[in-house]
Amino acid sequence: MSGDAALAASWRDQARQGLGHGAFLLVLAATATAAVPGISAAGSTPESRRFTAAADGELVALGPTAPRPHGLPPLPAGVSPALISWVVLEQLRLARRVVNAGLDVAPAVDHEQVPGCQPAACLSTGQALPLQRVRDLLRWGEDFGRDWSLRRPGALVVVGECVAGGASTAAAVLQGLGVDGTGLVSGSLRQPPHQLRRQLITRGLQRSGHPGTALELAAAVGDPMQPLVAGVILGCGGAAPVLLAGGSQMAAVLALAMALARSRGQPVAPLLRSTTVGTTRWVAREPGSNLSLLLERVHGQLGLPQAPLALASTLDFSSCTHPALRDYEAGYVKEGVGAGGLAIAASLAGLSNSRLARLCDQAMGQLRGGDGT
């Protein structure tokens with residue numbers, strides 16, 4: 001989708017070699033932006049969206065047949081992409097780590113909690129997070145990245161997220177960095193709420209006084225996931241392949257990491273060579289957004305030495321028996337919980353897309369038979 005083809009091929013080779021010792025890091029967080037009517041479909045109501053991240057984390061950890069304390073929130077259509085992520089993780093036998101970076105409701109499975117973490121206020125307040133909390137999240141991510149690259153040199157780390165309302169905070173951070181994402185940022189709704197987002201972002205940036213640094217910007221209009229995952233990129237420092245499993249939200253994380261690296265004099269070229277955004281074909285082909293153009297604008301606005309790398313899985317659910325999976329083909333669900341990046345990892349491991357689709361169909365039957373969610 002983006003970046004030099006030769007560099008993308010080199011990254012794929014490194015990632016394939018590092019997959020056997022790799023792991024999946026799932027970062028869960030919350031923002032009160034998700035409660036704005038009409039902003040998100042990651043749960044049919046604002047109240048149900050408070051439980052989305054916890055439910056997705058439990059599905060990734062426990063699977064579709066085990067009892068899960070929090071049922072998946074009802075969606076307008078489709079089923080959580082956490083189902084795709086679980087299938088891939090089981091097939092690849094990838095280790096998984098779940099991190100609570102700031103939630104209203106914590107997942108009832110083993111997870112790590114960033115000390116002092118808290119959900120973000122609505123981006124429209126211009127005071128989404130305390131600046132010290134953003135520093136703490138960045139430090140946690142950097143510590144993880146450094147430790148990972150030292151203990152497992154060359155091992156792939158796939159980073160996914162679940163943040164209801166996170167596409168809007170992504171658009172806000174990009175706008176604050178000077179990247180015009182109007183009309184380009186995706187989201188959970190079938191038609192991204194571009195006009196509503198624009199209003200929230202304008203209000204938030206005005207109330208924040210237009211922050212002067214990238215960290216201040218993340219504190220003003222961001223969410224807890226963003227500085228943590230940016231820290232992972234910075235901490236790995238180009239020594240390990242990083243797969244940012246997501247779409248627009250991970251584009252914003254990458255832009256934030258590049259801005260932070262520049263501000264501290266850290267070379268950005270090694271980071272760009274070792275980091276790839278990995279998403280789904282449902283995001284890549286969505287008429288209401290444009291991830292490729294968004295990354296081009298990140299490249300140009302931040303003056304990066306090369307365009308960010310981005311790949312898209314070609315996973316297709318059109319032949320699935322369950323309507324909730326075929327809804328992906330109609331644009332109702334597109335990405336999340338690391339699904340796109342993990343589908344790419346599955347392809348690197350030799351699992352065909354047709355086989356992955358059949359396995360997801362089977363898992364969907366288990367989910368429906370198990371608890372009716």
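**A parallel sheet and an enclosed helix**

Good morning. I begin with helix α6, residues 166-176: nine of its 11 residues are buried, so this helix is largely enclosed by the rest of the structure. Buried here means under 20% relative accessible area, exposed means over 50%, and partly exposed lies in between, with a 1.4 Å probe and protein chains only. Helices (H or I, at least four residues) and strands (E, at least two) are DSSP runs, numbered from the N terminus.

Please keep in mind that this is a predicted model, in which local features need pLDDT of at least 70 and side-chain atom pairs count only at pLDDT 80 or more, while totals for chains, interfaces and linings use all residues. Residues are numbered from 1 along each chain as its sequence is written, and side-chain values use heavy atoms, with hydrogens and water left out.

Which residues of α6 are buried? They are Gly166, Ala167, Ser168, Thr169, Ala170, Ala171, Ala172, Val173 and Leu174. Against these buried residues pack α7 (194-208), α8, α9 (225-236), α10 (248-263) and α13 (291-302). Just after α6, glycine 178 adopts a positive phi of about 90 degrees.

Is leucine 217 buried or exposed? Leucine 217 counts as buried because its relative accessibility is 3%. Setting aside neighbours within four places in sequence, leucine 217 is in contact, meaning heavy atoms within 4.5 Å, with Ala172, Val173, Gly176, Leu177, Leu205, Pro211 and Gly222. Between the C-alpha atoms of leucine 217 and leucine 129, which stand 88 residues apart along the chain, the separation is 9.9 Å.

I turn now to the sheet. Two strands are said to pair if DSSP finds at least two bridges between them.

The pairings can be taken in turn. β2 and β3 are joined in the parallel sense by two bridges, and valine 99 stands opposite glutamate 112 in β3. Seven bridges link β1 and β2, again in the parallel sense; alanine 23 has alanine 95 in β2 as its bridge partner.

Finally, the chain as a whole. Its secondary structure comprises 16 helices and seven strands, and its C-alpha trace spans about 50 × 45 × 40 Å along the principal axes. Of the 373 residues, 60% count as buried. Among contacts with a separation of 6 or more, 82% are between residues 24 or more positions apart. Thank you.
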